[in-house]
Amino acid sequence: MSGEALEQVVREEWGRLVALLLARYRRLDLVEDALGDAVEAAARTWPADGVPDNPAGWLNRAASRRLLDRLRAEAMRQRRAPLLVTEAERGQERATAMADTGDLVEDDLLRLVLMCTHPALGAEAASALALRLVLGVSTYDVARLFLVSESTMAARITRAKKKIVAAGIPFAVPRADALPDRLDTVAQTAYLAFTAGYAPGSGPDLLRADLAGESIRLVRVVLAQRPTEPVLIALLALMLLQHSRRDARAGADGQLVLLADQDRTRWHRDDITEALGLLRSLGPARRMTPQGAAYVLQARIAAEHATVETASNTRWDRIVRHYDLLLQIAPTPAARVARAVALAEAQGPEAGLAALESVSVPGSHRPAAVRAELLVRAGRVDQARTAYEEALTLCRNETELSYLRRRLVDLSGPAHEVPGAAAPPGTSRRRRRSGGG
Amino acid sequence: MKYVVLLLADGAEKPWEQLTPEEQTETMAKFGAFDEACAAREGVRILAGEALQDGVAAATVRTVEGQIAVTDGPYAEAVEGLGGFYLIEVPDRDVLVELLRELPAYDMQINPVEEMTP
């Protein structure tokens, strides 16, 4: 019982407690440890003493005591540690006085998020810091998410905290005219952590969808502070739609399952329903940053998939139109590749191949892999093989490598059938020999 | 916190000698606007600030094998040297970056000043 209560309060109140302690003591280097110690003390004493009436207040007091002990010890040694900058020093006195237990000022949480996601920090460091400080995700799990070792991640988080204090990054909400840009960065930070959770890893960490789900929680936390912020609403819709497919993305053998082949009954309908509601709530005429608009379009594309019962019913013409708009706002190579895929579905592989021409993503195997697939469908097997080989030299992910190798072998095997292909299998085998020699 | 702001290069501005007299006046006015914006902002003080002579007058001091070597010209192979600097007290980095928008659109470097324990 007490274990569950502790887990729940840590999960729900961690960010608020960090924010409250930072606002009061301004020691970014001590707060996390003090709170960690408080949680440990709770795990020891709650089973015997019972869960306190105000668990968050209990943790707050325990962590505060811990911090004060440290500060006293430092004062004895007369060590001066750099303090975090807060609003008091910016000449903007805090509007609300803070009472002791549990009475938490909502804006503190927003200050914490904005500090963790400050543009002066590297994007990955910011993502990691936000997950750790705002949500209390363990360093071990943050490390898993970004596919690095725990010690590497611990060092990265420590460096980021030092940089915040050293560079004078404030624990404060910026002026109203600067806030939209900063919320864009918050959104980018959360989305980076989300996509990291879906970047295929290896071994047991092939998919880390549970950790991707934590970045959805991060967006919800910020959205609770700014409930009408379009960029956050759009991002939450996009994430929910992608996340709704989490259970259908890996097959029994752990292999990735492509969108078209996924069992759509395993998609989470509740996520989809919520996302569609969020998209509707945005309406057409909302003022939005280009980044927010890009999230909306990506969410609409995902919604096209989420709202048809079978892959064959997909309205690819509408998806192509969404991509056309997206490219006007954010002409990224990745979006051009995705548009080419949609165009191939809507109008045939040759149209897709034409759209892929001159698209290159430095260091990425994706354009070559897509070109290869489309060439197979167009029956241009020799060119497809070359494209697969190109993709194989660029790809560095083990899971995707094995997929590409399988496709290349399929292409040459006797069982190979090219839909609508002009050349019979025998021809392609012969060509392979001459090509490989 | 104290920061040093280094005005490193013309950046988005034309070189001084290519500006018309009117443009030169406008550019100078931006330094005045920066002074005023800093003065108006609580917790902000310009502690020092100077325009520097051009890179031709600069020299670089290095210690090579225990000997001090002074070579003419600015540090690094920069065409333009350091053009000027401020030492400024601000509450935090965001306030500084906001105020720097008042200055001409030079390329700049900002460094927090290390607070030495007495």
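**View 1. Helices H14(A) and H16(A) pack at an angle of about 10°, with their axes 10 Å apart.** H14(A) covers residues 333-347 of chain A, and H16(A) covers residues 366-377. Axes here are lines fitted to C-alpha atoms, for helices over the stretch in contact, and angles run from 0 to 180 degrees between N-to-C directions. The angle makes H14(A) roughly parallel to H16(A). (Angles under 35 degrees count as roughly parallel, over 145 as roughly antiparallel, 65 to 115 as roughly perpendicular and the rest as oblique.) On the H14(A) side, Val337(A), Ala340(A), Val341(A) and Ala344(A) take part. They meet Arg366(A), Pro367(A), Val370(A) and Leu374(A) of H16(A). Residues are in contact if their C-beta atoms, placed from the backbone, lie within 7 Å. The residues of this contact divide into seven nonpolar, no polar and one charged. (Ala, Val, Leu, Ile, Met, Phe, Trp, Tyr, Cys and Pro count as nonpolar; Asp, Glu, Lys and Arg as charged; the others, Gly among them, as polar.)

**About the model.** This is a predicted model: local features need pLDDT of at least 70, side-chain atom pairs count only at pLDDT 80 or more, and totals for chains, interfaces and linings use all residues. Residues are numbered from 1 along each chain as its sequence is written, while chains are lettered from A and ligands numbered from 1 in the order in which they are written.

**View 2. Chain A has 19 helices and zero strands.** Helices (H or I, at least four residues) and strands (E, at least two) are DSSP runs, numbered from the N terminus. Of the 437 residues of chain A, 40% count as buried. A residue is buried if 20 or more other C-beta atoms lie within 10 Å of its own, exposed if 12 or fewer, and partly exposed in between; the C-beta atoms are placed from the backbone. Take the contacts in chain A with a separation of 6 or more: residues 24 or more positions apart account for 65% of them.

**View 3. The axes of H1(A) and H3(A) come within 9 Å and cross at roughly 45°.** That makes H1(A) oblique to H3(A). The crossing is right-handed. (A crossing is right-handed if the near helix is turned clockwise from the far one by less than a right angle, and left-handed if anticlockwise.) H1(A) brings Ala5(A), Val9(A), Glu13(A), Leu17(A), Leu20(A), Leu21(A) and Tyr25(A) to the contact. H3(A) brings Pro55(A), Ala56(A), Leu59(A), Asn60(A), Ala63(A), Ser64(A) and Leu67(A). The contact residues divide into 11 nonpolar, two polar and one charged.

**View 4. The axes of H8(A) and H9(A) come within 7 Å and cross at roughly 165°.** That makes H8(A) roughly antiparallel to H9(A). Their crossing is left-handed. From H8(A), the contact uses Val186(A), Ala190(A), Ala193(A), Phe194(A), Gly197(A) and Tyr198(A). From H9(A), the partners include Ala209(A), Leu211(A), Ala212(A) and Ser215(A). The residues of this contact divide into 11 nonpolar, two polar and no charged. H8(A) has 20 residues and should span 28 Å; its end C-alpha atoms are 29 Å apart, which agrees. (The expected span is 1.5 Å times one less than the number of residues.) Buried residues of H8(A) include Leu183(A), Tyr191(A) and Phe194(A).

**View 5. H5(A) is mostly covered, with 11 of its 13 residues buried.** Among the buried residues are Ser127(A), Leu131(A), Arg132(A) and Leu135(A). H5(A) reaches 17 Å from its first C-alpha to its last, close to the 18 Å expected. Next comes Gly136(A), whose phi is positive, near 75°.

**View 6. Leu84(A) sits in the loop between H3 and H4 of chain A.** With 23 C-beta neighbours inside 10 Å, Leu84(A) counts as buried. Leu84(A) touches Leu22(A), Arg26(A), Leu28(A), Val165(A) and Phe171(A), not counting residues up to four places away in sequence. Arg26(A) is found in the loop between H1 and H2 of chain A. Arg26(A) has a positive phi of about 60°, although it is not a glycine. With 19 C-beta neighbours inside 10 Å, Arg26(A) counts as partly exposed.

**View 7. Leu404(A) lies in H18, residues 398-412 of chain A.** Leu404(A) counts as buried, with 21 C-beta neighbours inside 10 Å. Leaving aside neighbours within four places in sequence, Leu404(A) is in contact with Ala369(A), Tyr388(A), Ala391(A), Leu392(A) and Cys395(A).

Key: Contact = placed C-beta atoms within 7 Å.
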